[in-house]
Amino acid sequence: MKESQPQAIRLKDYRAPDFLIDETHLRFELFEEGARVTSRLKMRRNPESKPFRNLLELDGQDLQLEHLVLDGKELEESEYRLTTEKLVLERLPAKFELQVVTWILPQENTCLEGLYRSHKMFCTQCEAEGFRRITYYLDRPDVMSKFTTTIEADKKAFPVLLSNGNPTDSGDLGPRHWATWEDPFKKPCYLFALVAGDLEFVESHYRTMSGRNVQLRIYLEPQDLEKCDHAMQSLKKSMAWDEQVYGREYDLDIFNIVAVSDFNMGAMENKGLNIFNSSCVLANSLTATDNAFQRVEAIVAHEYFHNWSGNRVTCRDWFQLSLKEGFTVFRDAEFSADMHSRAVKRIEDATVMRTAQFAEDAGPMSHPVRPETYIEISNFYTLTVYEKGAEVVRMLHTLLGADKFREGSDLYFARHDGQAVTTEDFVKCMEDVSGRDLSQFRRWYSQAGTPRLEITDTYDAERQEYRLEFKQSCPETPGQSTKLPFVIPIRLGLLAADGRSLAFQTDEHSSTTESVLELTEKTQTFAFGGVTEKPVPSLLRGFSAPVKADFPYTREQLCFLMAHDKDGFNRWDAGQQLALNVIDDLVEAMRDGRQVAVDPLYLSAFASVVEDTGDDYSMLAKMMVVPSLSLLAERAELIDIDALVQARELLINQLDEATESQLLTRYHRLGKLLQDSGLDLSSSKAMGIRAMRNGCLQLLAQAGNKKVVELAQLQVRQVANMTDELGATQALVQCGDESAASQAVEAFHDKWRQDSLVMDNWFSIQAGCASYGNLDRVKRLTRHSLFSERNPNKVRAVLGSFAGQNWKQFHQADGSGYLFLEEWVVKLDNINPQVAARLVIPLTRWKKFLGDRKELMRQALQRIHKRPNLSKDLYEVVMKSL
């Protein structure tokens, strides 16, 4: 354990900065051996700082201070204090100009925060606190300044020089050259960006709704020029959608995107200069799967939407992170739903919530959407802040309706343009336009944990009245033992025995077939009149609230909802509930030593999905997916990993036995449909057909069906797109035939070894496969020449896939998987603390495991905790876990 433990930062301790920075003038001199940064800051006292302290503490980390000049006078060392993380000055005038010159080493910056080298280019990542690795500054989001940036570098090595805003000047200095960029909008330093490199670009233009012409460019390395058309089209779609749905127009003359190979996150919304992980911007059909295409589209949209929800209006402090991220994730989710299938998008969102965010809510790092405390803010770029934050915004949208929500967002952007604000300010705008009191709703921001609903029903045939009783609760979470009731919107419908939607009446509305209930009490009953027969309720349609709901459906009722529910999400959810019910029975039977068999009712329902004649193939593909081990583990009170693995494998094997002929028939028919339909192969429908076809193949493979080998090998030879090539390769890896798997892996490697992003898939399908990715093989992958411990994409592809997806091999009873992960976490903490802190997460769930595994995981965490010089990132996660 560290001798000096990192201290927590608390929301309650927030105070306005004592000084503001009106103008920031930066000059970067870039060299192979390092970079010199000169900052000239025009500063003044903050009139809102009460009580005012004449003490300026500038943040800085890993900087060599060369000069410090105050109002033209160079300061002696006795006139300031310098610590490992601060530059401190006292007794400053009301207004002043401070010049700071620092020397930094980007080529040695492996944490990928601040200014660093990715291959041969210079690039930056400043959110959340990376700017302090560039120069001494007030590195906090409520200090907003106008930036002017000049970059000087070798002309031949770095012909492209980019920063925020619009270019204003440039020139030559012999073998070197320079360019100046000016951003007319105030921004916090976390939105600063710089790129210098030998890059090519693809250019297009977009005409805004007011008639302005915006230049769009995507910069990338020359070999990737053929991979950015999809990102460019996605950007244009995003710009048009934001104008149509939110009335938001782009506000600069230029919008630049740069693809970077070494990047901790997916992408970064820096004003006018978005920097992207190359995996989130590069895609063509030969090298990227359909899922990758949709991911690129969604992330391009997300970062573009931040121009308003994040840049023009930003967060006052990092506790308000969900102000920009939750709202923007909601916006990009709605965009994706409009571009493709709304039901499938909600299924994907709910799957993330149920498998990962609910686990986060139940784990040692549990925190509210607006956290109260943190040690390292990087640890709070979480599913709770992003995904649950988006669900909270969605509930506001549901409760207010689309029109009032749009009024609220318009007011928010108008009232707070150019400001750094809080989640309270956002909710207040919604309150002001709707006239509603949202005091109780605010608990979604302040209370952690996943609410649980127990639901029962009664029907009075004589009065034609149907009643639903809801009981809500929320378990204890760290620091919060008592929870007050939430406001929970319940979208529902009622189905008749023949599958019709039944009309009903509530106290507030005339007859309808769908309604949104507002649950506000711990126990609350709703009555529905005019119900002509006892219905089957369709509850929480569209995943209308991020809660766990328990209603005593019979298996027959779940089959009925799978077949007849008008809500696509609930059709899928009924199938998931039925599968989970069956797996629970299998686990119980194995524990009791009883004969195990899958309920024929489920096998029949599954066969009906495979044979379904509907044309929402993406939806059907989702309905064919057996619940993951991650979901099974999350919903278990205590995790018996061996029983869960065996039960799931048994279910898949019996599905294969019962539906082999239907799966093979559907596989062939879908292939013929793709060939004969004349469909645009990039269309959502074609993507859905491929998803269902590969779903058939992979289910057979997971069951070890011997017919898979020939089918998959033929598919690899015949296709000309990565979705089908990778799908077939993955099926061969999963099928249990060691020879076929090894041949497929080797062939894929030989074909694609020159493409780094494609090879991420190659690493991942091996490390994440239970039947192929044993520990010895995973260790060999970490020694492969294309693996790099300094590249987050490669680390996630191998180590993340093994620990996060390959439950069977990672959780081997001898604890070898835990020891392997421990060793890598410690190693990576010295290279990239952000990556190490995220990689250790699987070990932090140790308290839920049964038997020796629980103790082995705890011991691994304890050994990490005792190591000297842990980063704040890793220390916080491990400390809270123990």
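Which residues in H1 meet which residues in H6? The first legend answers this for a predicted model, in which local features need pLDDT of at least 70, side-chain atom pairs count only at pLDDT 80 or more, and totals for chains, interfaces and linings use all residues. Residues are numbered from 1 along each chain as its sequence is written, and side-chain values use heavy atoms, with hydrogens and water left out.

**View 1. Helix H1 against helix H6.** Gln244, Val245 and Tyr246 in H1 meet Phe405, Arg406, Ser409 and Asp410 in H6; contact means heavy atoms within 4.5 Å. Helices (H or I, at least four residues) and strands (E, at least two) are DSSP runs, numbered from the N terminus. The axes of H1 (residues 229-246) and H6 come within 10 Å, crossing at roughly 105°. Axes are lines fitted to C-alpha atoms, for helices over the stretch in contact, and angles run from 0 to 180 degrees between N-to-C directions. H1 and H6 are therefore roughly perpendicular to each other (angles of 65 to 115 degrees; under 35 counts as roughly parallel, over 145 as roughly antiparallel and the rest as oblique). By class, the contact of H1 with H6 has three nonpolar, two polar and two charged residues. Ala, Val, Leu, Ile, Met, Phe, Trp, Tyr, Cys and Pro count as nonpolar, Asp, Glu, Lys and Arg as charged, and the others, Gly among them, as polar.

**View 2. Helix H3 crossing helix H5.** The axes of H3 (residues 321-339) and H5 (residues 383-400) come within 7 Å and cross at roughly 70°. That makes H3 roughly perpendicular to H5. H3 contributes Leu321, Ser322, Glu325, Gly326, Phe327, Val329, Phe330, Ala333 and Glu334 to the contact, and H5 contributes Val385, Tyr386, Glu387, Gly389, Ala390, Val393, Arg394 and His397. In this contact of H3 with H5 there are nine nonpolar, four polar and four charged residues.

View 3. The structure holds 47 aromatic pairs. In one of them, the ring centres of phenylalanine 327 and phenylalanine 413 are 6.1 Å apart and the planes are at 20°, so the pair is stacked. Rings of Phe, Tyr and Trp (its six-membered ring) pair if their centres lie within 6.5 Å; planes under 30 degrees apart count as stacked, over 60 as edge-to-face and the rest as tilted. Phenylalanine 327 lies in H3 and phenylalanine 413 in H6 (residues 402-416), so the pair links distant parts of the chain, 86 residues apart. Both phenylalanine 327 and phenylalanine 413 are buried (under 20% relative accessible area; exposed is over 50%, partly exposed in between, with a 1.4 Å probe and protein chains only).

**View 4. Strand S13 and its partner S16.** Val160 and Leu162 on one side of S13 (residues 160-163) and Leu161 and Ser163 on the other are all buried, and both faces are covered. S13 pairs with S16 (residues 194-197) in the antiparallel sense over four bridges; strands pair if DSSP finds at least two bridges between them. Leucine 162 stands opposite valine 195 in S16.

**View 5. The open sheet S28-S27-S30.** Three strands form this sheet, with antiparallel pairing. Its edge strands, S28 (514-519) and S30 (536-538), each pair on one side only. The twist averages 40° from one strand to the next. S27 (residues 488-495) and S28 pair over six bridges, and glycine 493 stands opposite glutamate 514 in S28. Helix H9 (residues 555-564) lies across S27 and S30, at about 55° to S30.
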